[in-house]
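Dear colleague,

Here is the structure I said I would pass on. My notes follow below it.

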Amino acid sequence: MTLRRLVLWRHGETDHNASRRMQGQLDSVLTALGEAQARRAAPLLAAMRPDLLLSSDLGRATATMAPLAECTGLLVRTDERLRETHLGQWQGLTHDDVDERWPGARQAWRLDAGWSPPGGENRLQVAARAGAVVAELDATDATDVIVCTHGGLIASLVASLLALPVDNWPALGGIANCCWVVLERPEPSAPDLDATADVPSGPGVTGWRLRSYNAGPHP
C-alpha cells in the first residue's frame, strides 16, 4: 500500500445541477459558476502537493480538473470507472419528473444503498468499480492523489473505504459542487495523536481515516 492521502473532489456546478435534472452518466457541462468554482478551488488543492491527478472521463469532471492541472503542472489521467452512478431511466429528468412517474422512489434510493433506479446502478455497484481504481492506485508509487469525480460516487466510495455498515451508508450527506473529501492513512511509525477526532475504518480494511468531508471554498 502506497497511498497516504486520497482527495475526492466533486465537479463544479453544471447546467443539469442548475435546472435540478438527474445527470447520472449524461455528459453535462459546467456553468459559468461551475467554472469559477473550479478556479477558486484549484490553488487550495494544489497546496496539498498531489503527485497524481485522476478524473472521471465525463466532461464536467475533466473541465473542473483543468485549473488544478494548470496550477500543479501535472497531467490528468481519466478513468471511466469514476463516472457518476448510472441512473437508468431517470437520467435527464427533473426531480419533479421522477417524483411524478415513480412516487416515493427517490426517497427509497436515498435510504437504501442496495436500491437502484430502473435500469440503473445501486451504490454498492458504484463503490465496487470505484474501489477497484483505488486498489490499483495503491499498487503504484503514488502517495497523494486527487480524484475529480461525482457526488454520488464520492459518498459511496467513502462509505466503502471506511467499511461502514451498508445500512449506515445513507447517513453520509451530499457533497456540494466543487467541494471535497480527504481520506488519510497515518504513517506506520507515527502515533495518531488525534485519532479520537477521526472516523475509524473497519477491521481488515486498509486503514483509511476521514479527515474532512464536504470541505471547500464555500462562499
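How many helices and strands does the secondary structure of the protein come to? There are 7 helices and 6 strands. Please keep in mind that this is a predicted model. Read from the N terminus, the elements follow the order β-α-α-β-α-β-α-α-α-β-α-β-β.

On overall form, the C-alpha trace spans about 55 × 40 × 30 Å along its principal axes. A compact globule of 219 residues would have a radius of gyration near 17 Å, and the protein agrees with this because its own value is 17 Å. Of the 219 residues, 46% count as buried. The accessible surface comes to about 10100 Å², and carbon and sulfur atoms hold 53% of that. Among contacts with a separation of 6 or more, 73% are between residues 24 or more positions apart.

Two packed helices are described by the angle between their axes and the distance between the axes. Helix α6 covers residues 123-138 and helix α7 covers residues 151-161; their axes come within 8 Å and cross at roughly 75 degrees. An angle of 65 to 115 degrees counts as roughly perpendicular, so α6 is roughly perpendicular to α7.

Which residues meet there? From α6 they are Arg123, Val126, Ala127, Arg129, Ala130, Gly131 and Val134. On the α7 side they are Leu153, Ser156, Leu157, Ser160 and Leu161. Sorted by class, this contact of α6 with α7 has 7 nonpolar, 3 polar and 2 charged residues.

Regards

Definitions and conventions:
Residues numbered from 1 in each chain as written. Predicted model: local features only at pLDDT ≥ 70, side-chain atom pairs only at ≥ 80, totals over all residues. Heavy atoms only, no water. Axes fitted to C-alpha atoms, helices over the stretch in contact; angles between N-to-C directions. Helix = DSSP H or I, 4+ residues; strand = E, 2+ residues; numbered from the N terminus. Parallel < 35°, antiparallel > 145°, perpendicular 65-115°, else oblique. Contact = heavy atoms within 4.5 Å. Nonpolar A, V, L, I, M, F, W, Y, C, P; charged D, E, K, R; others polar. Rg over C-alpha atoms; globule rule 2.2 N^0.38 Å. Buried < 20%, exposed > 50% of the residue type's maximum accessible area, 1.4 Å probe, protein only. Areas by Shrake-Rupley, 256 points an atom, 1.4 Å probe, with all protein chains shown as cover.
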